[in-house]
Amino acid sequence: MQWLSFPEGENGTMEEASRTQASSTARLLRRATGVLGHALRGSRDELGLVESAANWLWRRVRVPVRTGMLGAGLAAFLLAAAPGKARAATDCLACHADKSMTDASGHSIAVDGQKFSASIHGSLQCNSCHTDIKGYPHPDHPAPVQCRTCHVDEATALTGSVHADGKEHPCTSCHGDPHAIFPKTDARSAVYPLNVPRTCGNCHSNDGMAKKHGLPSVYPSYMDSIHGYALTEEGLLVAANCQSCHGSHNILSHKDPSSPTYKTNIPKTCGNCHAKIDTEYEAGIHGKALASGDLKAPVCTDCHTAHAILQPTEAAFRMQSTPICGSCHSDKFTTYRDTFHSQLGLLGGYVETARCWDCHRAHDVLPATDPHSSISKANLVTTCGHCHAGANASFVQYEPHANSRDLKLNPGLYLVRLFMNLLLISVLTFFVIHTIMWLIRSRYEQVKKNGANGGNHA
Ligand code: HEC
Ligand code: HEC
Ligand code: HEC
Ligand code: HEC
Ligand code: HEC
Ligand code: HEC
Ligand code: HEC
Ligand code: HEC
Ligand code: HEC
Ligand code: HEC
Ligand code: HEC
């Protein structure tokens, strides 16, 4: 059990910090044993015995406490040790192991004893959870189990989250069968990393109930993403699952500034795993603009999406992302579209041509005036040279955003365009007039010819 570690000071004395912890733990312990005693239905004497046993145990082993957990673990320990033991699992299973057992309304009330004893709670007694069952016959409808009694932290976090509604989101809505709960590191657990998407997807999918709440169905797009693929196809435990980005019990809406999915927190959330890229991003103009409070600056998900993340080497990404940069830099997008690079890209979806980030880089994007920028005068030869072997200072005179509509910026280009347009218009006008006159004339000739023929018949 992970909470059972024994941090012993070098000289064997208790440090100040752990002393304060000790007294609050003793209080906790007493509370826990109170619950315990209740469950035990023991006499006052037994209770006293249990309590002093607990205190004795505490003094020996200085268990560092994860709130609430200790009482639980101790319950398991003491229930097994205490005299006059309460209803043992075997007692309850004498009836409930019967697979065909149902309650009055036909709902199955069978419990798989083997699964239960293999589970993380296998060492607990049935009525450690079903606390109001104290003898037989027991109430037909015992009170609902309160997981909170032993897991205060998780229950409190859940209460403050988007899944706060206890009726709609009981603990078992994510943890599954209450009698077969496993630790999150166990492949049988519903919250084992490989199983998390399916667990959340039960509700957040096309068939799930989340759509009724006006939420998008994210599970299918996640499964098609690089993260979904890496996790579920390659079994890569370190790939992002829902929990990596959203948390588990404290999930908040992306509109909440304290959520890890709130716009300004996203680079850090992704950066937990993609650390180097986060550093580059923060050093770039977009990261700096965001840090200075410019919410119009893009974060990871503006360019990659949150759930449908593609591998950037995929053609689909390269084709999609140019318009994404362009959605904010529409002027540069227009001028890029006029250039050879873009025209080439449009021809049958030619992928290898220069996209925005091949010249500007993707994460450490910097303005031309910054000497470290990939598009600063000094670095252009290198930047273009990635694709144009032998690029030199004169080659990079070529303007990737030449604007033929701007007389001041590109006068030569402007005049050429003006001339070409005038030429085009005059040629077109000439031919249109020519054609119309030709039509009139041919019609006139035909009428004249018909007239002559008619005259012959008459
Ligand atoms: C003598 C047989 C018997 C024993 C022993 C027994 N139960 Fe039951 N239990 C039943 C029956 C019968 C019902 C169905 C009551 C009804 O008609 O709804 C039931 C119902 C329940 C329910 C409620 C199911 C529901 O639909 O709400 C729980 C929880 C429960 N038992 C837990 C326990 C626990 C825990 C123990 C051991 C401490 C235990 N039972 C021991 C016979 C037994
Ligand atoms: C970790 C806590 C926990 C333990 C330990 C536990 N149960 Fe339950 N049990 C639950 C929860 C949660 C439910 C769902 C209903 C509710 O919330 O009360 C439940 C439901 C039941 C039901 C109703 C049938 C159903 O599936 O809805 C029966 C019967 C039952 N438990 C018997 C047992 C028996 C017998 C044991 C011991 C072998 C046991 N329980 C141990 C938490 C627990
Ligand atoms: C929205 C889904 C969801 C709900 C509802 C939920 N959990 Fe969890 N729980 C998770 C996930 C996911 C993990 C795994 C977290 C991780 O991997 O760090 C987890 C882990 C845990 C752990 C292990 C914590 C640890 O850090 O070792 C406990 C204990 C736990 N949950 C108890 C509860 C209790 C008690 C409730 C009800 C009050 C509850 N959970 C409700 C999703 C949920
Ligand atoms: C009587 C106290 C008690 C109750 C009630 C209880 N648990 Fe537990 N639970 C424990 C103990 C003890 C452990 C083992 C702690 C450990 O080994 O870290 C545990 C472990 C867990 C774990 C695994 C934690 C991990 O390391 O991943 C989960 C998940 C969990 N409980 C969920 C629940 C849920 C859901 C409920 C309600 C249905 C519940 N528990 C009710 C005492 C309890
Ligand atoms: C039992 C069904 C269910 C499960 C399981 C579930 N959710 Fe939800 N979730 C909902 C519902 C319903 C809402 C809407 C809550 C509301 O607005 O009242 C919601 C809301 C959310 C939201 C907030 C959406 C927003 O911006 O308002 C996020 C994020 C979320 N869930 C993520 C998760 C993750 C991650 C998991 C798995 C760890 C999960 N959910 C498991 C049903 C579920
Ligand atoms: C790589 C990080 C990441 C992963 C993995 C992830 N999400 Fe999200 N999720 C986000 C971000 C960021 C948002 C905020 C909205 C946005 O940017 O689109 C979000 C939004 C949501 C929303 C609310 C949508 C809305 O517009 O209100 C739900 C529901 C949700 N996620 C559920 C899930 C579920 C379920 C999974 C697992 C199948 C999952 N997410 C996996 C990052 C992630
Ligand atoms: C829990 C860790 C984790 C988190 C959090 C995470 N990722 Fe990832 N991501 C990975 C892993 C691992 C891979 C590698 C998968 C592979 O190559 O098979 C990956 C792959 C990627 C790829 C594809 C990389 C490539 O070279 O093909 C992109 C793009 C990506 N993640 C973006 C994001 C974004 C954006 C976020 C935040 C919204 C994010 N990731 C959050 C772990 C994470
Ligand atoms: C302005 C748009 C934009 C932003 C913001 C952005 N990316 Fe990227 N990202 C890209 C592009 C474009 C590529 C493809 C680069 C390439 O193919 O050379 C890429 C590539 C990647 C890759 C693949 C590996 C690599 O180095 O090429 C990962 C992983 C990734 N980004 C994660 C992130 C994370 C995490 C963030 C946030 C900290 C983020 N990105 C922010 C556009 C962006
Ligand atoms: C969500 C909107 C958005 C997206 C998407 C976006 N940018 Fe930006 N970009 C900005 C903002 C805001 C600034 C900062 C303007 C300032 O503070 O001067 C900026 C600044 C720049 C600059 C510095 C020059 C300047 O005008 O200040 C360059 C170069 C740049 N972006 C290129 C790109 C490239 C390349 C992509 C795609 C990989 C991209 N941007 C995607 C919003 C965006
Ligand atoms: C072939 C390389 C190349 C491609 C492709 C390219 N750019 Fe540029 N971009 C440059 C160069 C060089 C400059 C600086 C000279 C200029 O303004 O023409 C520049 C300037 C810019 C600026 C202004 C920077 C500043 O500091 O003033 C922005 C914003 C920008 N580009 C965005 C984009 C976007 C968005 C795309 C994709 C639609 C794109 N670029 C495609 C090379 C490129
Ligand atoms: C991602 C690779 C890539 C980058 C980076 C790149 N280009 Fe290109 N460029 C191409 C491809 C592919 C073609 C079309 C095939 C060809 O003619 O070589 C092309 C064609 C051209 C052409 C027209 C044909 C020619 O070769 O004369 C010019 C001019 C040009 N690029 C200039 C530049 C300049 C200037 C830069 C740097 C600011 C640059 N390119 C950066 C891939 C790139």
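A word on conventions: residues are numbered from 1 along each chain as its sequence is written, while chains are lettered from A and ligands numbered from 1 in the order in which they are written. The model is predicted, so local features need pLDDT of at least 70 and side-chain atom pairs count only at pLDDT 80 or more, whereas totals for chains, interfaces and linings use all residues.

Let us begin with confidence. pLDDT is the predictor's confidence in each residue, on a scale from 0 to 100. The protein chain has a mean pLDDT of 80, and 78% of its residues reach 70 or more. Please take some care with residues 1-87, where pLDDT stays under 50. For that stretch the model has 91 contacts beyond four places in sequence; two residues are in contact if their C-beta atoms, placed from the backbone, lie within 7 Å.

Now for the chain as a whole. There are 22 helices and zero strands, both being DSSP runs numbered from the N terminus (helices are H or I, at least four residues; strands are E, at least two). Of the 458 residues, 21% count as buried. A residue is buried if 20 or more other C-beta atoms lie within 10 Å of its own, exposed if 12 or fewer, and partly exposed in between, with C-beta atoms placed from the backbone. Among contacts with a separation of 6 or more, 53% come from residues 24 or more positions apart.

For the residue classes, Ala, Val, Leu, Ile, Met, Phe, Trp, Tyr, Cys and Pro count as nonpolar, Asp, Glu, Lys and Arg as charged, and the others, Gly among them, as polar.

Around ligand 2 there are 19 residues, of which Cys92, Cys126, Cys129, Val145 and Pro178 come nearest. Helix 4 (89-96), helix 5 (113-118) and helix 6 (126-129) each give two or more residues to this shell, and helix 4 provides the largest share, four residues. By class, the shell has 12 nonpolar, seven polar and no charged residues.

Ligand 3 is surrounded by 18 residues, the closest being Cys147, His151, Cys171, Cys174 and Ser248. At least two residues each come from helix 7 (152-159) and helix 8 (172-175).

The shell of ligand 5 holds 22 residues, with Ser173, Cys200, Cys203, Cys242 and Ser253 the closest. Helix 8, helix 9 (196-201) and helix 12 (242-246) each give two or more residues to it. Its make-up is 10 nonpolar, 12 polar and no charged residues.

Some of these names return in the interior. A nonpolar core is a set of buried Ala, Val, Leu, Ile, Met, Phe, Trp, Tyr and Cys residues joined through C-beta atoms within 7 Å. The largest one has 10 residues, including Val191, Val196, Cys200, Cys203, Leu231 and Cys242. Helix 9 and helix 12 each give two or more residues to this core. Leaving aside neighbours within four places in sequence, Val196 is in contact with Val191, Asn241, Cys242 and Gln243.

Finally, some backbone details in the loops. Most residues other than glycine have a negative phi, and most peptide bonds are trans. Tyr136 and Pro137 are joined by a cis peptide bond, with omega about -10 degrees, and Pro137 lies in the loop between helix 6 and helix 7. Thr305 has a positive phi, near 65 degrees, and sits in the loop between helix 16 (300-304) and helix 17 (315-328). Thr305 counts as partly exposed because it has 14 C-beta neighbours inside 10 Å. Arg361 also has a positive phi, near 70 degrees, in the loop between helix 20 (356-360) and helix 21. With 16 other C-beta atoms within 10 Å, Arg361 is partly exposed.

Methods
Near = placed C-beta within 6 Å.
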